Amino acid sequence: LITAYKIIHGFMNVDAGFFFEFSPDSRTRGHNFKLQSHFTRTDVRKYFFTSRVISQWNALPAPCAEAINISTFKNELSKHFLTEGIR
């Protein structure tokens with residue numbers, strides 16, 4: 001999730017459009033950085049980083065996904081995991 005945050009928010013020198021497709025739906029709940037998931041026929045593509053992280057990223061609360069820097073994102077992510085009971 002930290003790597004996805006860095007790619008989406010431009011903290012890594014890579015094109016986010018190469019890895020992810022943002023959801024075109026303007027009625028998204030949660031945050032404004034929802035990602036579009038695609039159906040995969042093979043396990044090879046299903047287990048790529050970009051496919052694995054989409055559902056977890058889309059489930060993040062808005063303060064987490066829309067954090068202004070990496071340290072804020074990590075703090076919000078920790079809070080989210082504590083409230084969800086995830087370690």
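Reader: Which residue takes a positive phi just after H6?

Author: That's Gly 85, with a phi of about 75°. Keep in mind that this is a predicted model.

Reader: Which residues of H6 are buried?

Author: Start with the general idea: an α-helix has 3.6 residues a turn, so residues three or four places apart point the same way. Now the case here: Phe 73, Leu 77 and His 80 are the buried ones. Looking down the axis of H6, you find these buried residues within an arc of 60°, so they line one face of the helix.

Reader: And what's on the other side of H6?

Author: Leu 82 and Thr 83 sit there, and both are exposed.

Reader: What covers the buried residues of H6?

Author: The cover includes helices H1 (2-8), H4 (49-58) and H5 (62-65).

Reader: How do I read H4, then? Which of its residues are buried?

Author: Buried in H4 are Thr 50, Val 53, Ile 54, Trp 57 and Asn 58. Around the axis they take up an arc of only 125°, which puts them on the same side of H4. Among the elements covering them are H1, H2, H3 (43-46), H5 and H6.

Reader: Now the loops. Where is Leu 60 found, and is it buried or exposed?

Author: Leu 60 belongs to the loop between H4 and H5. It counts as buried because its relative accessibility is 3%, and the cut-off for buried is under 20%.

Reader: What is Leu 60 in contact with, leaving aside its neighbours within four places in sequence?

Author: Its partners are Leu 1, His 31, Ala 65, Phe 73, Leu 77 and His 80.

Reader: Where is Arg 41, and is it buried or exposed?

Author: Look in the loop between H2 and H3 for Arg 41. At a relative accessible area of 79%, this residue is exposed. Its C-alpha lies 37 Å from that of Ser 71, which is 30 residues away along the chain.

Reader: What about Ser 23?

Author: Ser 23 is also in the loop between H2 and H3, but at 22% relative accessibility it counts as partly exposed.

Reader: How do I read charge pairs? How many salt bridges are there?

Author: In general, side chains of opposite charge can pair when their charged atoms come close. Here the count is one salt bridge. Lys 79 forms it with Glu 76, and the closest N and O atoms are 3.5 Å apart. The two are three residues apart in H6, so about one helical turn separates them.

Reader: Which residues form the nonpolar patch on the surface?

Author: Met 12, Val 14, Phe 18 and Phe 19 do, with about 370 Å² of accessible area together. Val 14 is in the loop between H1 and H2 (16-19), and it counts as partly exposed because its relative accessibility is 36%.

Note on methods. Residues are numbered from 1 along each chain as its sequence is written. This is a predicted model: local features need pLDDT of at least 70, side-chain atom pairs count only at pLDDT 80 or more; totals for chains, interfaces and linings use all residues. Side-chain values use heavy atoms; hydrogens and water are left out. Buried means under 20% relative accessible area, exposed over 50%, partly exposed in between (1.4 Å probe, protein chains only). Helices (H or I, at least four residues) and strands (E, at least two) are DSSP runs, numbered from the N terminus. The arc is that of the directions from the helix axis to the C-beta atoms. Contact means heavy atoms within 4.5 Å. Patches are made of residues with over 30% relative accessible area and no salt bridge: like charges are joined within 9 Å, nonpolar side chains (Val, Leu, Ile, Met, Phe, Trp, Tyr) within 5 Å. Accessible areas come from the Shrake-Rupley method with a 1.4 Å probe; for residues, only the protein chains shown count as cover. A salt bridge is a side-chain nitrogen of Lys or Arg within 4 Å of a carboxyl oxygen of Asp or Glu.
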